[in-house]
Amino acid sequence: MNLAAGLKRLVLGPEEQEIPDLKRNDRCWCGSEKKYKACHQAADDRKRAAHRIASIKQQAGSLKRGF
Ligand SMILES: [Zn+2]
(Lines give C-alpha, C1' and ligand atoms only; values in the text may rest on other atoms or scores of the structure.)
Protein backbone atom coordinates (compact mmCIF):
# COMPACT_ATOMS: atom_id res chain seq x y z
CA MET A 1 0.00 0.00 0.00
CA ASN A 2 1.40 3.40 -0.89
CA LEU A 3 1.25 6.48 1.28
CA ALA A 4 -1.61 8.08 -0.63
CA ALA A 5 -3.78 4.99 -0.25
CA GLY A 6 -2.96 4.84 3.47
CA LEU A 7 -3.89 8.47 3.95
CA LYS A 8 -7.06 7.96 1.96
CA ARG A 9 -8.10 5.11 4.22
CA LEU A 10 -7.40 7.21 7.30
CA VAL A 11 -9.42 10.12 5.94
CA LEU A 12 -12.26 8.28 4.26
CA GLY A 13 -12.68 5.17 6.37
CA PRO A 14 -12.52 1.49 5.45
CA GLU A 15 -15.63 1.41 3.25
CA GLU A 16 -13.81 3.48 0.65
CA GLN A 17 -11.44 0.53 0.18
CA GLU A 18 -14.17 -1.38 -1.63
CA ILE A 19 -13.88 0.97 -4.59
CA PRO A 20 -10.71 0.06 -6.51
CA ASP A 21 -8.43 2.85 -7.58
CA LEU A 22 -7.73 2.08 -11.24
CA LYS A 23 -6.37 4.18 -14.09
CA ARG A 24 -8.80 5.04 -16.87
CA ASN A 25 -7.11 2.70 -19.34
CA ASP A 26 -6.63 -0.24 -16.98
CA ARG A 27 -8.77 -3.32 -17.39
CA CYS A 28 -11.86 -2.98 -15.24
CA TRP A 29 -11.87 -4.83 -11.92
CA CYS A 30 -15.11 -6.65 -12.79
CA GLY A 31 -13.42 -8.92 -15.33
CA SER A 32 -15.33 -7.60 -18.35
CA GLU A 33 -12.06 -7.12 -20.33
CA LYS A 34 -13.21 -3.57 -21.01
CA LYS A 35 -11.18 -0.52 -20.09
CA TYR A 36 -12.11 0.90 -16.73
CA LYS A 37 -13.22 4.21 -18.28
CA ALA A 38 -15.60 2.32 -20.58
CA CYS A 39 -17.00 0.15 -17.81
CA HIS A 40 -17.32 0.87 -14.10
CA GLN A 41 -15.47 4.16 -13.79
CA ALA A 42 -18.60 6.31 -13.95
CA ALA A 43 -20.40 4.13 -11.40
CA ASP A 44 -17.37 4.16 -9.09
CA ASP A 45 -17.05 7.93 -9.42
CA ARG A 46 -20.65 8.28 -8.31
CA LYS A 47 -19.95 6.00 -5.34
CA ARG A 48 -16.88 8.02 -4.43
CA ALA A 49 -18.86 11.25 -4.65
CA ALA A 50 -21.59 9.78 -2.45
CA HIS A 51 -19.00 8.70 0.12
CA ARG A 52 -17.45 12.17 0.06
CA ILE A 53 -20.80 13.89 0.54
CA ALA A 54 -21.71 11.48 3.35
CA SER A 55 -18.45 12.16 5.20
CA ILE A 56 -18.80 15.93 4.71
CA LYS A 57 -22.32 15.75 6.13
CA GLN A 58 -20.99 13.70 9.04
CA GLN A 59 -18.31 16.29 9.72
CA ALA A 60 -20.82 19.12 9.51
CA GLY A 61 -23.09 17.23 11.91
CA SER A 62 -20.34 16.73 14.48
CA LEU A 63 -19.31 20.39 14.18
CA LYS A 64 -22.88 21.44 14.91
CA ARG A 65 -23.04 19.13 17.91
CA GLY A 66 -19.79 20.67 19.14
CA PHE A 67 -21.31 24.13 19.43
ZN1 LIG B 1 -16.55 -3.11 -14.96
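Where does Glu33 lie in relation to α1 and α2? Glu33 is in the loop that runs between α1 (3-12) and α2 (41-66). The model is a predicted one, in which local features need pLDDT of at least 70, side-chain atom pairs count only at pLDDT 80 or more, and totals for chains, interfaces and linings use all residues. Residues are numbered from 1 along each chain as its sequence is written.

The protein has two helices and zero strands; helices (H or I, at least four residues) and strands (E, at least two) are DSSP runs, numbered from the N terminus. Of its 67 residues, 1% count as buried. A residue is buried if 20 or more other C-beta atoms lie within 10 Å of its own, exposed if 12 or fewer, and partly exposed in between, with C-beta atoms placed from the backbone.

Helix α2 has 26 residues, and the count of buried residues among them is zero. Its end C-alpha atoms are 37 Å apart, which agrees with the 38 Å that it should span at 1.5 Å a residue; the expected span is 1.5 Å times one less than the number of residues. Arg48 is placed in helix α2 and counts as partly exposed because it has 14 C-beta neighbours inside 10 Å. A separation of 7.7 Å lies between the C-alpha atoms of Arg48 and Ile19, which are 29 residues apart along the chain.

The loop between α1 and α2 also holds Arg24. Arg24 counts as exposed, since it has 9 C-beta neighbours inside 10 Å. Leaving out residues up to four places away in sequence, Arg24 touches Lys35, Tyr36, Lys37 and Gln41; two residues are in contact if their C-beta atoms, placed from the backbone, lie within 7 Å. Among contacts in the protein between residues at least 6 apart in sequence, 21% join residues at least 24 apart.

Most residues other than glycine have a negative phi.
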